[in-house]
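Please look over the sequence and the structure shown here. Keep both in view as you read.

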Amino acid sequence: MVFGRSSRKGPPPVEPVTLKILVAGGFGVGKTTLVGAVSEIRPLRTEESLTEASRPVDDLAGVESKATTTVAMDFGRITLREDLVLYLFGTPGQDRFWFLWDELAQGALGAVVLVDTRRLEDSFACIDYFERRGIPFAVAVNCFEGADVHPAETVRAALDLDPGVPLLMTDARRRESVKEVLVAVVRHAMTFTEPAPEPATT
């Protein structure tokens, strides 16, 4: 009897492609929930409790039950296919933490802008950020319980989105729903062509 490793060789192991995706949006829109719902590892979270001192700064209208806030980032990982792994970086939502965005955006393939239709104006700055930097993004409308449901085209018009920007309805608590958003972001990023700069006017 011969012991040892088999001489038969299988296919070589697949080295997965790793891609960085940002998850952005306004305060309390569900970014931490989204990352946690889909991550296959225990998410890294940098949440701190909201205090009375922060109430004049952080608008809790529509999210009165929110007790914590992300102060740096959320981090998670999901394997979409054997050869494709996404690293998810959730950005802080408040304006005072925006200095972190440039660091988080370095090397990102694309982004998800998570939107709450009850606080639609909170997403304008996020959309503007990615448009100005030529980072492809998809918009995901987080369908909160009790919130009015608006047609996708109505939301698209309200956000003044370019026709090529994907817009999806999602539930940030459901893994399969979030996966659909991430697949849409990757597909959009793979075919994205940065718009040519507008000609200078004299």
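The report below starts with the overall layout and then turns to rings, cores, a helix and a loop.

## Overall layout

This is a predicted model. The protein has five helices and seven strands. Starting at the N terminus, the order of elements is β-α-β-β-β-α-β-α-β-α-β-α.

The protein has 202 residues, and 44% of them are buried. Its accessible surface is about 11,900 Å². Carbon and sulfur atoms account for 53% of that surface. Now take the contacts between residues at least 6 apart in sequence: 72% of these join residues at least 24 apart.

## Aromatic rings

How many aromatic pairs does the structure hold? There are six. One of them joins Phe 75 and Tyr 87. Their ring centres are 5.8 Å apart and their planes meet at 15°. Planes under 30 degrees apart count as stacked, so this pair is stacked.

The cut-off for buried is under 20%. Tyr 87 has 29%, so Tyr 87 counts as partly exposed.

Other rings gather in a group. Trp 101, Tyr 129, Phe 130 and Phe 137 make up one aromatic cluster.

## Nonpolar cores

The largest nonpolar core contains 26 residues. Which of them have the most contacts inside it? They are Leu 22, Val 113, Phe 130, Phe 137, Val 139, Leu 159 and Leu 161. Several elements give two or more residues to this core, among them strand E1 (17–25), strand E5 (110–115), strand E6 (137–142) and helix H4 (152–159). Helix H3 (124–133) is also on that list. H3 supplies the largest share, four residues. A second, separate core has 23 residues, including Val 23, Leu 84, Leu 88 and Val 185.

Val 113 shows who meets whom. Set aside its neighbours within four places in sequence. Val 113 is then in contact with Ala 24, Ser 123, Cys 126, Ile 127, Phe 130, Phe 137, Ala 138, Val 139 and Ala 140.

## Helix H1

Helix H1 covers residues 31–38. Its buried residues are Lys 31, Thr 32, Leu 34, Val 35 and Val 38. Where do they fall when seen down the axis of H1? They fall within an arc of 165°, so they line one face of the helix. An α-helix has 3.6 residues a turn, so residues three or four places apart point the same way.

## Gly 30 in its loop

Gly 30 is in the loop between E1 and H1. Its relative accessibility is 16%, so Gly 30 counts as buried.

Which residues does Gly 30 touch, leaving out those up to four places away in sequence? They are Leu 114, Asn 142 and Ala 172. Gly 30 and Leu 114 are 84 residues apart in sequence. In space, they are 7.3 Å apart, C-alpha to C-alpha.

Technical notes
Residues numbered from 1 in each chain as written. Predicted model: local features only at pLDDT ≥ 70, side-chain atom pairs only at ≥ 80, totals over all residues. Heavy atoms only, no water. Buried < 20%, exposed > 50% of the residue type's maximum accessible area, 1.4 Å probe, protein only. Contact = heavy atoms within 4.5 Å. Areas by Shrake-Rupley, 256 points an atom, 1.4 Å probe, with all protein chains shown as cover. Phe/Tyr/Trp six-rings, centres within 6.5 Å; stacked < 30°, edge-to-face > 60°. Core = buried A, V, L, I, M, F, W, Y, C linked by side-chain atoms within 4.5 Å. Arc of directions from axis to C-beta.
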